[in-house]
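Let's take a walk through a protein model together.

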Amino acid sequence: MNAFLALVRTDLRLYLSNRRALLITVAAPILIAAFFGAMMGGAPGKRPARVPLAVVDLDRSALTERIVADMKADESFDVREPALPAAIEQVRAGKIRGAIVLPEGFGERAPRAMFRPGDKPEIEIHVDPSQAVALALVKGLLAQHVMREVSKAAFGQGVDGAKMLDQARKELRESTRIDETDRRDYLALLDQVARLRDRQAASGKAIPGLGGGNGLEMPFTTKEHEVTSGEAPYNGYAHSFAGMGVQFILFSGIDLGVGVLLMRRMGLWKRLRAAPVSRRLLLGSRIASGAAIAFLLMLGIYAAGIAIFHVRIEGSWLGFFLIVAAFAILTSSFGLLIASLGRTPEATRGLAILATLLLVMLGGAWVPTFVFPQWVQSATLFVPTRWAVDGLEAMTWRGLGLAAALPAVAAMLTFSVAFGAIAVACFRWEE
Amino acid sequence: MLEATDLAKSYGPLAAVSGISLTVRGGQIVGLLGPNGAGKTTTVSMLCGLATPDRGSVRVAGKPLSETAQEAKRRVGLVPQEIALYEEMGAEANLRLMGALYGVDEPLLSRRVAAALELVGLSDRARDKPARFSGGMKRRLNIACALVHDPDVLLLDEPTVGVDPQSRNAIFENLETLRDRGKALLYTTHYMEEAERLCDHIVIVDHGRVIASDTRENLLKLGTAPAVPKGPSLESVFLKLTGRDLRDSA
């Protein structure tokens with residue numbers, strides 16, 4: 001037992017004595033988690049960044065000016081009004097996500113197009129091709145604000161609305177392309193709208209269904225409920241700390257494995273093996289010290305997450321500690337596997353980093369697994385890091401109890417046993 | 001004290017050692033000499049339990065030695081060819097770890113650590129890290145690590161590689177002191193003058209076999225033959241026995 005403790009103590013002492021390396025090992029995941037966390041929404045209560053867009057109003061009509069004003073009032077977007085060449089240049093430079101160009105004559109043609117198929121004004125949208133999601137955002141923005149203002153112009157009170165209705169009725173009557181029955185029904189519809197407008201103008205009451213004179217409105221509203229622990233809102237840092245913690249702790253597992261290979265090269269392993277200690281003790285001490293280091297590092301990373309980035313253990317604290325402990329053992333057995341399969345420290349480190357990055361990527365440490373295709377999501381259940389990330393998230397922002405931690409703990413321990421068994425079977429004992 | 005009988009070890013089709021036998025008594029330094037690839041390192045590995053012989057046996061003070069024979073292993077100290085130290089841990093901490101691995105407990109451990117440092121002349125650098133030591137100091141600490149559990153048998157695999165004459169002389173004096181204390185030392189080296197100065201008995205191996213095993217004096221007598229141009233020296237005897245062909249280009 002003394003020999004075991006002496007070896008574990010030595011490993012811990014050596015690891016902790018290199019303060020610069022230790023600082024980097026702890027600081028790197030915190031910094032990167034801070035970055036990813038901010039990208040994913042940051043701390044609770046912070047509004048997401050507004051999407052920068054440009055609107056170029058070539059029409060300068062009352063309608064287009066109202067559309068631009070509506071867009072500017074939308075809190076989801078940061079709308080600016082440069083000239084057309086400047087707008088396109090800003091898109092090209094990546095400073096804005098897209099530029100909307102409202103063409104000349106839009107104010108006149110758009111309301112008429114509501115009643116006359118075919119002749120529609122064309123809004124040009126210039127988008128950054130690297131931001132595919134921006135086009136959907138811009139179209140959504142247009143659908144909401146343009147429809148409201150155009151319908152207001154078409155159906156609303158005032159000279160524009162009356163003029164538009166009269167013009168539409170005139171065109172319907174003169175059209176030779178429309179079926180007579182349809183013509184009658186369309187005219188009746190427009191007559192009813194006109195009567196409603198006139199009645200509202202006389203009484204000062206709003207027209208139901210036409211947005212109280214404000215044009216067509218969205219036929220619904222939404223109310224968002226964040227499904228978290230029920231007590232605290234979602235914290236984007238909770239995911240990023242789980243992901244980056246898992247990634248960098250696995251890197252420490254690589255150090256453990258490569259450390260054994262370096263010990264071989266230095267003759268230290270030979271010296272340890274010449275001592276009257278069993279193979280089980282030698283490998284067991286490496287696993288124990290590696291797991292202890294990984295456990296402490298993960299706690300350090302989460303301590304920073306809790307203190308600085310308001311990450312909270314909303315679920316079971318016991319479950320959290322069990323998951324961290326199981327992941328620490330997993331890391332250590334992964335390191336031992338590297339030591340068993342590796343030959344030279346240099347080549348092994350490169351391959352181990354590649355393997356780690358794949359594990360981390362598939363485990364959902366960089367981006368949540370729900371963005372993966374369904375078959376990848378199913379396949380990643382066989383990736384141990386997936387269990388680690390999911391387990392840590394379950395105990396933090398999802399606020400789940402101990403029962404939710406146990407499957408992740410069991411999965412990680414199973415992987416640890418498998419890694420350890422392969423490592424022991426493949427370990428080169430003779431020099 | 002150390003007795004190896006008919007040791008054989010192959011790695012795949014390569015027979016590294018093919019029937020080596022040797023004995024090292026207490027108070028004796030036995031030199032194990034041989035060209036590169038002769039089987040010296042494999043032999044040392046089997047003598048300290050790092051490699052399991054395909055054939056033959058090793059006994060320490062009459063007890064069989066194997067990887068799992070902890071009692072026998074406890075009586076053997078290994079000085080590897082490499083400087084096998086934790087460079088970022090103090091000299092004393094290195095020794096304490098080695099002592100703990102061999103089951104030495106306090107307060108004996110502290111006394112042994114102090115004695116080992118004293119023997120190799122590093123008492124005043126006990127807390128310093130080997131990373132700050134000269135090559136010679138590291139070599140001396142490398143030896144001290146094998147002594148801290150007070151073994152009966154010391155296996156030294158080229159322990160003076162890369163050290164200056166002063167450090168080498170200091171190491172020789174350490175080893176002679178240990179011989180005087182009744183320890184059994186097996187010393188492998190490429191430096192013939194080292195073997196000439198230190199060894200009471202010399203075993204020359206080549207191609208995995210013992211080709212000569214005798215006292216230093218008797219081996220030197222072989223060098224008086226007319227075919228040897230430079231007169232009697234261990235090197236001339238060695239070259240006569242093992243040939244002049246380069247070995248590490250094979």
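At roughly what angle do the axes of H12(A) and helix H16 (residues 402-426) of chain A cross? They cross at roughly 15° and come within 8 Å.

## Before we go on

This is a predicted model, where local features need pLDDT of at least 70 and side-chain atom pairs count only at pLDDT 80 or more, while totals for chains, interfaces and linings use all residues. Residues are numbered from 1 along each chain as its sequence is written, and chains are lettered from A and ligands numbered from 1 in the order in which they are written.

## Two helix pairs in chain A

Back to H12(A) and H16(A). Axes here are lines fitted to C-alpha atoms, for helices over the stretch in contact, and angles run from 0 to 180 degrees between N-to-C directions. Angles under 35 degrees count as roughly parallel, over 145 as roughly antiparallel, 65 to 115 as roughly perpendicular and the rest as oblique. H12(A) and H16(A) are therefore roughly parallel to each other. Sorted by class, their contact has 23 nonpolar, 5 polar and no charged residues. Ala, Val, Leu, Ile, Met, Phe, Trp, Tyr, Cys and Pro count as nonpolar, Asp, Glu, Lys and Arg as charged, and the others, Gly among them, as polar.

Now look at helix H9 (residues 236-266) and helix H11 (residues 279-309) of chain A, which pack at about 155° with axes 10 Å apart. H9(A) and H11(A) are therefore roughly antiparallel, and they cross in a right-handed way. On the H9(A) side, the residues that meet H11(A) include A:Tyr237, A:Phe241, A:Gly245 and A:Ile249. Among the partners in H11(A) are A:Arg286, A:Gly290, A:Ile293 and A:Ala294. The class tally for this contact is 12 nonpolar, 5 polar and 1 charged residues.

## Chain A as a whole

Chain A has 16 helices and 4 strands. Helices (H or I, at least four residues) and strands (E, at least two) are DSSP runs, numbered from the N terminus. The chain is divided into domain 1 (2-43 + 236-426) and domain 2 (51-213), with bounds from an automatic or database domain assignment. Taken over C-alpha atoms, the centres of these two domains are 56 Å apart.

How much of chain A counts as buried? The value is 39% of its 431 residues. A residue is buried if 20 or more other C-beta atoms lie within 10 Å of its own, exposed if 12 or fewer, and partly exposed in between, with C-beta atoms placed from the backbone. Two residues are in contact if their C-beta atoms, placed the same way, lie within 7 Å. Among contacts in chain A with a separation of 6 or more, 80% are between residues 24 or more positions apart.

Is A:Ala168 buried or exposed? It counts as buried, because it has 22 C-beta neighbours inside 10 Å. A:Lys139 is 29 residues from A:Ala168 along the chain, and their C-alpha atoms are separated by 27 Å.

Next, A:Thr344 sits in the loop between helix H12 (317-341) and helix H13 (345-362) of chain A. A:Thr344 is exposed, because it has 12 other C-beta atoms within 10 Å. From A:Thr344 to A:Ala153 it is 191 residues in sequence and 76 Å in space, C-alpha to C-alpha.

## Where chain B touches chain A

In chain B, 22 residues are in contact with 21 residues of chain A. Helix H2 (70-73) and helix H3 (91-101) of chain B are the elements that give two or more residues to this side of chain B. H3(B) gives the most, with 3 residues. By class, the side of chain B that touches chain A has 12 nonpolar, 5 polar and 5 charged residues.

Most residues other than glycine have a negative phi, and most peptide bonds are trans. B:Asp6, in strand E1 (residues 2-11) of chain B, has a positive phi of about 55° although it is not a glycine. B:Asp6 is partly exposed, with 13 other C-beta atoms within 10 Å.

B:Ala61 also has a positive phi, near 50°, and its place is in the loop between strand E4 (55-60) and strand E5 (63-64) of chain B. Finally, a cis peptide bond, with omega about 0°, joins B:Glu106 and B:Pro107. You'll find B:Pro107 in the loop between H3 and helix H4 (108-119) of chain B.

Conventions
A crossing is left-handed if the near helix is turned anticlockwise from the far one by less than a right angle, and right-handed if clockwise.
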